[in-house]
Amino acid sequence: MDGAMYREILANNLLPSVRALKMGRGWVFQHDNDPKHTARATKEWLRKKHLKVLEWPSQSPDLNPIENLWRELKVRIAQRQPRNLKDLEKSLRNSVTVELPCSAAVIVAEAKQELVEGIPLLCFLFLIPLNFPWSQISVTWLGVVHFLACLSPQLGSVLYHLFMNHEGGEPVYHTLLTLDMCGICMINTLDCIRSLFYMHNELGNIYTHGIPLLCFLFLIPLNFPWSQISVTWLGVVHFLACLSPQLGSVLYHLFMNHEGGEPVYHTLLTLDMCGICMINTLGALPIVYSTLLCYPFTRTVALVVYILLSSYAIYSAITARSSVRRLRSFAWQALFRFSFFLLRWVGVGGGSPTSLQHFLTMDALAVLGGIINIARIPERFRPGLFDYWCNSHQIMHVLVVGSILYLHWGVLDDLLWINSHHCPSD
């Protein structure tokens with residue numbers, strides 16, 4: 001194998017494997033110092049793909065715990081003192097198949113505790129403060145926070161492994177486990193936040209909802225005609241509806257690679273689904289209210305039914321095991337909304353004459369975004385080309401933002417219409 005073949009293997013397998021395994025951005029590529037790995041063309045290929053590569057000094061068994069296992073094998077073979085090739089083969093077979101597996105777990109565990117965590121902790125503890133450019137940093141507290149973040153996961157891990165067999169029993173063990181988890185959470189949360197400032201394959205997903213989220217957060221309250229709206233709670237509900245899907249999405253994509261594992265991931269996925277359900281629920285309440293403005297009892301019943309229906313949709317979306325099933329979770333909400341659009345179209349329901357077109361455009365954009373995301377357009381036609389920008393998920397994000405804008409314009413028209421409309425007397 002030469003460098004060209006190695007780069008071809010990386011191009012055909014590396015990023016597709018990362019996507020298939022849903023590794024996100026929190027991974028580091030590792031290979032040794034083989035000439036085809038360190039070739040200038042290979043380094044340039046890795047740089048263009050914005051891949052983080054682990055530095056790997058040559059002849060460094062202390063950096064790779066597996067080297068301790070090979071040493072153990074050599075020691076066991078030497079103790080047997082094989083005198084010929086047949087004796088050597090017999091010793092190897094016996095060590096590899098019988099003795100070595102029994103001690104492998106202990107050897108690797110000791111190497112992890114003593115080398116992977118303990119030694120770097122001491123290095124960071126002394127070298128970072130001595131070599132940190134404190135005099136050149138204007139925001140000193142950020143440097144202190146960074147120093148603590150570098151120490152926290154290793155300190156928690158060393159304490160856990162060092163005292164895990166303490167005779168204090170279960171209370172001591174749970175205290176140590178808590179310290180270990182806190183150390184991981186501190187460094188990993190900061191790493192997730194720092195990922196806002198370098199290129200990776202989730203950056204576009206974060207910013208396509210993060211920037212609109214900030215705009216809506218500040219611009220909607222400042223430019224909303226609160227003094228002209230008679231039903232204030234509808235304005236508040238609408239504001240929360242505009243924020244909810246983007247807030248859930250940003251939290252999901254920003255922290256999806258947190259090392260808290262499956263519980264953290266499922267919590268983030270739940271927040272993301274709840275954000276979508278919230279805009280479907282809260283966003284529709286002003287529509288229902290204005291459509292049935294002149295029918296108070298029917299309006300109250302419809303609002304209660306829609307809230308209950310939305311609660312079921314949230315449960316279905318959270319427990320769904322595929323994107324298609326999650327999309328189906330919102331179908332009943334969509335049909336309920338369309339029934340009110342139909343009432344407006346036939347002239348039975350109330351509402352601003354201009355809002356119906358906004359609402360139909362809103363749902364059309366949302367459905368189009370969901371279809372594009374499920375169909376994986378355009379990356380299904382050019383795998384690897386849209387890893388960072390313009391992939392189906394980002395296109396869906398942009399269409400969702402457009403959908404929220406049309407919702408805002410339609411609801412704003414309705415709220416102003418409510419203030420000026422007078423229901424006919426019985």
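**Close-up 1. Aromatic pairs, starting with F224 and W226.** Search this whole structure, which is a predicted model, and you get 9 aromatic pairs. One of them brings F224 and W226 together in a tilted arrangement, with 4.6 Å from centre to centre and 50 degrees between the planes.

**Close-up 2. The tilted pair of Y252 and Y265.** Here the ring centres of Y252 and Y265 sit 5.8 Å apart and the planes meet at 55 degrees, so this pair counts as tilted. Y252 is buried, with a relative accessible area of 10%; Y265 comes out as partly exposed, at 26% relative accessibility.

**Close-up 3. A ring cluster, and an arginine over a tyrosine.** Y306, F336 and F340 are joined into a cluster by ring pairs. In a separate view, R299 lies over the face of Y289, 4.3 Å from the ring centre.

**Close-up 4. The salt bridge between D387 and R19.** Turning to charged side chains, the count for the model is 5 salt bridges. In one of them D387 pairs with R19, and their closest N and O atoms are 2.3 Å apart. This one links distant parts of the chain: R19 is in helix α1 (residues 3–20), D387 is in the loop between α15 (355–375) and α16 (392–420), and the two are 368 residues apart. D387 is buried, with a relative accessible area of 10%, whereas R19 is partly exposed, at 36%.

**Close-up 5. The salt bridge between E44 and R47.** The closest N and O atoms of E44 and R47 are 2.5 Å apart in this salt bridge. Both residues sit in helix α3 (residues 40–48), and because they are 3 residues apart, about one helical turn separates them. E44 is partly exposed, with a relative accessible area of 34%, and R47 counts as exposed, at 53% relative accessibility.

**Close-up 6. The salt bridge between R337 and D363.** The side chains of R337 and D363 meet at 2.9 Å, N to O. R337 is in helix α14 (residues 331–345) and D363 in helix α15, so this pair ties together parts that are 26 residues apart in sequence. How accessible is R337, buried or exposed? R337 is buried, with a relative accessible area of 8%, and D363 is buried too, with a value of 8%.

Definitions and conventions:
Residues are numbered from 1 along each chain as its sequence is written. This is a predicted model: local features need pLDDT of at least 70, side-chain atom pairs count only at pLDDT 80 or more; totals for chains, interfaces and linings use all residues. Side-chain values use heavy atoms; hydrogens and water are left out. A salt bridge is a side-chain nitrogen of Lys or Arg within 4 Å of a carboxyl oxygen of Asp or Glu. Helices (H or I, at least four residues) and strands (E, at least two) are DSSP runs, numbered from the N terminus. Buried means under 20% relative accessible area, exposed over 50%, partly exposed in between (1.4 Å probe, protein chains only). Rings of Phe, Tyr and Trp (its six-membered ring) pair if their centres lie within 6.5 Å; planes under 30 degrees apart count as stacked, over 60 as edge-to-face and the rest as tilted. A charge sits over a ring if NZ of Lys or CZ of Arg is within 6 Å of the ring centre and within 35 degrees of the ring normal.
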